[in-house]
Amino acid sequence: AVVSTQSTGDPVLVRDNNLVSLGRGDGTILHWDIRTPHTLSRPFNATSGIICGLDWDRDGDNLAVGCNDNKVQIFRTSTSTRSSETLTMVYQSAVKALAWNPLQRGILATGSGQNDQRVVVWDLISGNYKNCIDTKSQVTGLLWSPSCNQLITSHGHFDPNLRLWELKNNSNTAKLSGHSNMIVSIARSPINDHVISLSADESLRVWNIFARNNASNKSRLSSSLLSLDKIR
């Protein structure tokens, strides 16, 4: 299938098992099943702004949508009905970084832009937040540690680094440097021990952050295992 991503803003893709969701610059979202790639859903309007981030929860029941209108919206979805908005959270900047807790239902981490710079961990079942961290930098990406007691954040132009946060006391326990420009995106390896970062400096780096041997892991945090430069 050929899909128009509109001219404003970069398209945002997220996958949940066989379902791929695309957020477009006109504020609409498309879903399609990769088993039948030529059959697309009808787009639904998620926001009047530009979609900056998307993430499905572990059960595929809720879709978090981050927008440049400084809001995060949670949509509960089903295969038989149009997605309907269930909750909206307001920030002081656009929200690109979203990550559902893979072990605990209803826990969502959000990271906001330059005018807000916070990571907020929400308990959407109670409606309250569990953690609020002032990162002092634009947050461009979020990942949970395998045990979900830590978060990895990536950052923008003024702090193009990865940071490791201990949620027990909201402390920054490690900074991983290597990129010279903002980190655009981060992803985790299938076995959860490596993190891949993609930067506007046109490099991709692989980090051995969550090594099984914690004692040796500390010495590996300062540098990446693999760096690919000028990937464009």
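The largest pocket of this predicted model has a volume of about 1300 Å³. A pocket is here an open set of points, on a 1 Å grid over the protein atoms alone, with protein on both sides within 12 Å along at least five of seven lines. Grid points are joined across faces, edges and corners, and the volume is the space filled by probe spheres set on the points. The lining comprises 41 residues, of which Leu13, Leu54, Leu98, Ser185 and Ile186 lie nearest the centre of the pocket; lining residues have an atom within 4 Å of a point. Two or more lining residues come from each of β1 (12–16), β5 (51–56), β9 (95–100), β13 (139–144) and β17. By residue class, the lining divides into 24 nonpolar, 9 polar and 8 charged residues, where Ala, Val, Leu, Ile, Met, Phe, Trp, Tyr, Cys and Pro count as nonpolar, Asp, Glu, Lys and Arg as charged, and the others, Gly among them, as polar.

Residues are numbered from 1 along each chain as its sequence is written. Local features need pLDDT of at least 70 and side-chain atom pairs count only at pLDDT 80 or more, while totals for chains, interfaces and linings use all residues; side-chain values use heavy atoms, with hydrogens and water left out.

The protein chain contains 1 helix and 20 strands, assigned as DSSP runs (H or I, at least four residues, for helices; E, at least two, for strands) and numbered from the N terminus. Of its 232 residues, 50% are buried, a class defined by a relative accessible area under 20%, with exposed meaning over 50% and partly exposed in between (1.4 Å probe, protein chains only). Among contacts in the protein chain with a separation of 6 or more, 33% are between residues 24 or more positions apart, a contact being heavy atoms within 4.5 Å.

Strand β15 (residues 162–166) is largely enclosed by the rest of the structure, because 5 of its 5 residues are buried. In a regular strand the side chains alternate between the two faces of the sheet. Both faces of β15 are covered, with Leu162, Leu164 and Glu166 buried on one side and Arg163 and Trp165 on the other. Strand β14 (residues 150–155) pairs with β15 in the antiparallel sense over 5 bridges, pairing requiring at least two DSSP bridges between two strands. Ser154 stands opposite Leu162 of β15, and a hairpin with 6 residues joins β14 to β15. Strand β16 (residues 171–176) also runs antiparallel to β15, to which 5 bridges join it; there, Ala174 is the bridge partner of Leu164. The hairpin of β15 and β16 has 4 residues between the strands, and Asn170 takes a positive phi near 60° in this hairpin.

Two further loop residues have positive phi. Gln117, which is not a glycine, has a value of about 65° and is placed in the loop between β10 (107–112) and β11 (118–123). Lys136, also not a glycine, has a value of about 60° and is found in the loop between β12 (128–134) and β13. Gln117 is buried at a relative accessible area of 16%, whereas Lys136 counts as exposed at 63% relative accessibility.

Ser189 occupies the loop between β17 (183–188) and β18 (195–199). Ser189 is buried, with a relative accessible area of 12%, and touches His194 and Ile196, not counting residues up to four places away in sequence.

Methods:
1 Å grid on protein atoms, 1.4 Å probe; cavity = no way out; pocket = protein on both sides within 12 Å on 5 of 7 lines; lining within 4 Å.
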